[in-house]
Amino acid sequence: MQKEKDRAAGCPFCGDGLRERIIDEEGSVAAVADKHPVTSGHTLIIPRRHVEDCFGFTPRETEDAGRLLRRLKERIQAENPLVTGFNIGINCGVSAGQTIPHAHIHLIPRRDGDTPRPRGGVRGVIPEKMSY
């Protein structure tokens with residue numbers, strides 16, 4: 001799956017254990033269920049190559065991730081019609097909340113009423129800036 005030169009020692013996304021968690025893949029990226037999901041269906045899209053954040057993505061990784069995101073969105077909504085929206089997020093750097101130094105994209109399915117005030121969406125990372 002991954003060439004040795006594309007791995008980083010100790011990275012949880014570079015180890016062989018990730019392989020058994022893959023639920024879908026597209027070329028240079030793979031998808032796994034998030035171990036600590038925000039909502040049911042929360043999925044991570046991870047480049048196979050070790051890269052610290054999305055600013056280091058190759059054009060192919062960006063294209064593959066986009067295709068996989070769209071396919072997963074369609075699948076999730078086909079399996080659960082209560083999913084009416086999505087948050088897509090990438091944390092780049094410790095100050096932005098990144099806890100694993102291997103790029104990954106969060107696809108978080110949303111349902112009407114899953115939170116009392118969804119307005120502001122990803123702006124909620126700074127709670128006082130969520131409502132505007």
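**View 1. The largest pocket holds about 790 Å³ of space.** A pocket here is an open set of points on a 1 Å grid over the protein atoms alone, with protein on both sides within 12 Å along at least five of seven lines, and its lining residues have an atom within 4 Å of a point. Its volume is the space filled by probe spheres set on the points, which are joined across faces, edges and corners. The model is a predicted one, in which local features need pLDDT of at least 70 and side-chain atom pairs count only at pLDDT 80 or more, whereas totals for chains, interfaces and linings use all residues. Residues are numbered from 1 along each chain as its sequence is written, and side-chain values use heavy atoms, with hydrogens and water left out. The largest pocket is lined by 35 residues, and V38, H42, N91, H106 and I108 lie nearest its centre, while β4 and β5 each supply at least two residues of this lining. Strands such as these are DSSP runs (E, at least two residues) and helices are likewise DSSP runs (H or I, at least four), numbered from the N terminus.

**View 2. H106 lies in strand β5.** H106 is buried, with a relative accessible area of 14%, where buried means under 20% (1.4 Å probe, protein chains only) and exposed means over 50%. The side chain of H106 makes a polar contact with the side chain of H42 at 2.8 Å; such a contact is a pair of N or O atoms within 3.5 Å, and within protein one must be able to donate a hydrogen and the other to accept it, with residues adjacent in sequence counting only if both atoms are side-chain atoms. Leaving aside neighbours within four places in sequence, H106 is in contact (heavy atoms within 4.5 Å) with residues including D34, T43, L44 and N87.

**View 3. Helix α1 spans residues 59–79.** From its first C-alpha to its last, α1 reaches 30 Å, close to the 30 Å expected at 1.5 Å a residue, a span taken as 1.5 Å times one less than the number of residues. Among the buried residues of α1 are L68, L69, L72 and I76, and the buried residues of this helix pack against β1, β2, β3, β4 and β5.

**View 4. About 170 Å³ of space lies in the second largest pocket.** Of the 13 residues that line this pocket, S40, G41, T43, I76 and E79 lie nearest its centre, and the largest share of the lining, 4 residues, comes from α1.

Note on methods:
On a 1 Å grid over the protein atoms alone, a cavity is a set of points where a 1.4 Å probe fits but cannot get out, and a pocket is an open set with protein on both sides within 12 Å along at least five of seven lines; lining residues have an atom within 4 Å of a point.
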